[in-house]
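Student: Can you walk me through this one? I'd like the overall picture and then some local detail.

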Amino acid sequence: MIDIEIQNLSKVYENVIKQSGFRNSILYLFHSQKKLTEAINSLDLQVMHGECLGIVGANGAGKTTLIKLMSGIIMPTSGSIKVLGYTPFELDIEFKKKIAFVSGQRNQLFFDLTALDSFNLLQEIYCVQKKAFKASLSELTHILEVDDLLDRPIRNLSLGERMKMEIIGALLHDPQILFLDEPTIGLDCISQGKLRQYLKEINKKRNTTIILTSHDFSDIIDVCQRCIVLSHGYKIYDENIEKLIKRFNTKKIITIYNDRKMRSFVLPDFCKIIENSDDKLVFALPPDKVGYIYNQLFSQQPTLDISIEDEDIASIISRVYKQEEISLNE
Ligand SMILES: Nc1ncnc2c1ncn2[C@@H]1O[C@H](COP(=O)(O)OP(=O)(O)OP(=O)(O)O)[C@@H](O)[C@H]1O
């Protein structure tokens, strides 16, 4: 079953340019200049029910805009978008009950209420049955370890604690689609790990469709099977994550620890030194040259302490962006 069907979608923001100064303020009353920003360009996308889709891209690539379009917070300029058969920006009440939106940059819970009062209010708003509500609440507060914070006003919680409450609030009504825009901002790495684990669990148990944006690529890799890469509002990749990494993983990283004898070893030109400090030498090289270098190193020093790793995903994805920058500038 298709949950999200997007065709030729574009979003152009229109902003009035206002120059500083008194004279310009007067001129602005009679004549204003407009600046258009094409945040999403001719985008096609299909998401099946139960999929976990990651949206990645550099700052300003259009990730938040796309997730806002899908959840109905903003209207597209052109193109068509259907989510669970609804047109999101019409904000049909049944549509709102079937989705949830969590943003790391925006609070949705009521600042002056305690977390528990906020959740009780959400239960009423979404007409969640008392029994199901209690079970979900106790499960979620236990997993995210916030049981003892429920009676505190939201405004008195730390950023990470507030984020956890936002996530709980979003999941209480058991949405069919969960939109998450940078949900791990402010979470410590243990909570981050628990949240990812929980997202995978609800995806598996409840078959919840998850759409996730994050600058932390480990979130995407851990939770999503597929990801799209946006650049200047265009979708430049739409692929299974493993395939994307394989395609762009063109380097291996070798680290040699604490071996002064190897300082005299001359690396061939295809090796690029990343770090050469007192305690380690780190260099990158093409994967097909690893065997050759490995043999060379060990023939000179059989007791070497070395590690061979894949390039980290952040560098791989940033190479995907850069490649697109180059092709746009050509
Ligand atoms: N309300 C708005 N009015 C005008 N331009 C906007 C508005 N919101 C976003 N933009 C512009 O649209 C483009 C896409 O913004 P968007 O927030 O979707 O990017 P993003 O990929 O989420 O970026 P980031 O990673 O920095 O959060 C940017 O150029 C941004 O400046």
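Student: Fine. What kind of model is it, and which cut-offs apply?
Tutor: This is a predicted model: local features need pLDDT of at least 70, side-chain atom pairs count only at pLDDT 80 or more, and totals for chains, interfaces and linings use all residues. Residues are numbered from 1 along each chain as its sequence is written.

Student: What is the mean pLDDT of the chain?
Tutor: The mean is 87, and 95% of the residues reach 70 or more; pLDDT is the predictor's confidence in each residue, from 0 to 100. For the complex, the predictor gives a pTM of 0.81 and an ipTM of 0.98.

Student: Where in the chain is confidence lowest, and where highest?
Tutor: Lowest in helix α11 (residues 313-329), with a mean of 65, and highest in β4, at 97.

Student: How many helices and strands are there?
Tutor: The chain has 11 helices and 13 strands. Helices (H or I, at least four residues) and strands (E, at least two) are DSSP runs, numbered from the N terminus.

Student: Which domain does UniProt list?
Tutor: The unreviewed UniProt entry gives "domain: ABC transporter" for residues 4-257; such annotations may be inferred rather than shown by experiment. That span is 37% helix and 30% strand, and its end C-alpha atoms lie 49 Å apart.

Student: Switching to sheets. In what order do the strands of the antiparallel one run?
Tutor: The order is β2-β1-β4, an open sheet of 3 strands. β2 (33-48) and β4 (78-83) are at the edges with a single partner strand each, so one side of each has no neighbour in the sheet. On average, neighbouring strands here are turned by 25° against each other, direction ignored. The angles are between axes, which are lines fitted to C-alpha atoms (for helices over the stretch in contact), and run from 0 to 180 degrees between N-to-C directions.

Student: How many bridges pair β1 and β4?
Tutor: Strand β1 (residues 2-17) pairs with β4 over 5 bridges, in the antiparallel sense. Two strands pair if DSSP finds at least two bridges between them. Ile4 has Val83 in β4 as its bridge partner.

Student: And β3: buried or exposed?
Tutor: In β3 (residues 52-57), 6 of the 6 residues are buried, so the strand is largely enclosed by the rest of the structure. A residue is buried if 20 or more other C-beta atoms lie within 10 Å of its own, exposed if 12 or fewer, and partly exposed in between, with C-beta atoms placed from the backbone. Cys52, Gly54 and Val56 point one way, while Leu53, Ile55 and Gly57 point the other.

Student: Which strands does β3 pair with?
Tutor: Strand β7 (residues 209-213) runs parallel to β3 and is joined to it by 4 bridges. Strand β8 (residues 226-231) also pairs with β3 in the parallel sense, over 5 bridges. Gly54 is opposite Leu212 in β7, and its bridge partner in β8 is Cys227.

Student: Last topic, Gln176. Where does it lie?
Tutor: Gln176 is in the loop between α6 (159-171) and β6 (177-181). It counts as partly exposed because it has 18 C-beta neighbours inside 10 Å.

Student: Which residues is Gln176 in contact with?
Tutor: Leaving aside neighbours within four places in sequence, Gln176 is in contact with Leu84, Lys98, Ile99, Thr208 and Thr209. Contact means that the C-beta atoms, placed from the backbone, lie within 7 Å. The C-alpha atoms of Gln176 and Arg206 are separated by 8.3 Å, with the two residues 30 apart along the chain.

Technical notes
Contact = placed C-beta atoms within 7 Å.
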